[in-house]
Amino acid sequence: MRGELKVFAGNANPELCQRISKSIELPLGKRVLSRFPDGEIHVRILENVRGRDVFVIQPTVPNPNESLMELLLLIDALKRASAERVTAVIPCYGYARQDRKDLPRVPISAKLVANLLVAAGADRLLTIDLHAGQIQGFFDIPVDNLYAFPVFQEYVQEVHLDNPTIVSPDVGAMKLASLFCTKLNLPLATVDKRRVGDYEVEATTVIGDVKGKKVILIDDIVSTAGSLTEAAKILRKKGAEEIWAFAVHGLLVGPAIDRIRNSPIQRLVTTDSVRTEIDDRTFELTVLSVAELLGKAIMCIHKNESVSSLFS
Ligand code: R5P
């Protein structure tokens, strides 16, 4: 076992950090995280971390630039204070969707973020449902990519949806959707989605049988909700009886709430990997917590135990 465990939090999702701290029965480390008058971020670690095994929790969305910079400065401060090992716990990894050069003269932002984390001094990464598993290869340090699946599975079993079908809203979400199918032993269908702009998508075809079915639409991210709501519309046209949407990371930005409210989606189920501040309850929203899952993974990593055993 390494040095004593310490957990610090950024400002991006204080509620999740408190829940994790409660689940592992360890108070969050004391630090200052404020702004200088010109807007620069001021970080100071207020306790001894020399030789300690430190975890820093900070999702880098929905304010990716601010949240990432806070995280980098926290890691730098901890390394300079002689922490033995620093693990960046990023429940939702910002910039993950920019993971390849799909147009001329664009950056591979997900790789740049990986470089920045390592340059700041991160020794490991712990995250949940990376947009693309291959992003792990952008790091030459160990990456533990957890799945929120067990949290969703428990919920699906609790609500007893009658004879559901899993639907992927696009080809990219097929892997996640097929994991659900395998674990829950359910059929799979998919929607053919094309992105026509940053805010707009088009869903043209459904492959698979959804007529008269209760549909569980599964995606890793709901951002402007274009993908889920366009998929829901075509599924309804094809005769789906009920449509429930599940998305691990509930960014819910811009037109998301209006779109969901005006769509056939009956309920959105997401997690607290991202802070969701929605007072408007004109649609049904369930936010499940990934705190316990992250807490268990932190303890496994700290004690050098298997993380994959959490999913077996
Ligand atoms: C795309 O590849 C992702 O998996 C999500 O489908 C997408 O990021 C969701 O974005 P939006 O909610 O804005 O359609």
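A: Let us begin with a term for the chain's elements: helices (H or I, at least four residues) and strands (E, at least two) are DSSP runs, numbered from the N terminus. The model is predicted, with local features needing pLDDT of at least 70 and side-chain atom pairs counting only at pLDDT 80 or more, while totals for chains, interfaces and linings use all residues. Residues are numbered from 1 along each chain as its sequence is written, and side-chain values use heavy atoms, with hydrogens and water left out.

Q: What is a salt bridge, and how many does the structure hold?

A: Side chains of opposite charge can pair when their charged atoms come close. The term salt bridge is used for a side-chain nitrogen of Lys or Arg within 4 Å of a carboxyl oxygen of Asp or Glu, and the structure holds 19 of them.

Q: Which residues are linked with R35 in a network of salt bridges?

A: The network joins R35 with E66 and E70. The side chains of R35 and E66 meet at 2.7 Å, N to O, and this pair links distant parts of the chain, since E66 sits in helix α2 (residues 64–80) and R35 in strand β2 (residues 31–35), 31 residues apart.

Q: Is E70 buried or exposed?

A: Relative accessible area is the guide here, with buried meaning under 20%, exposed over 50% and partly exposed in between (1.4 Å probe, protein chains only). E70 counts as buried because its relative accessibility is 3%, whereas E66 is partly exposed at 37% and R35 is partly exposed at 34%.

Q: Where is Q58 found, and which residues does it touch?

A: Q58 lies in the loop between β4 (53–57) and α2, and it is buried, with a relative accessible area of 1%. Contact means heavy atoms within 4.5 Å; not counting residues up to four places away in sequence, Q58 touches several residues, among them N11, E70 and P91.
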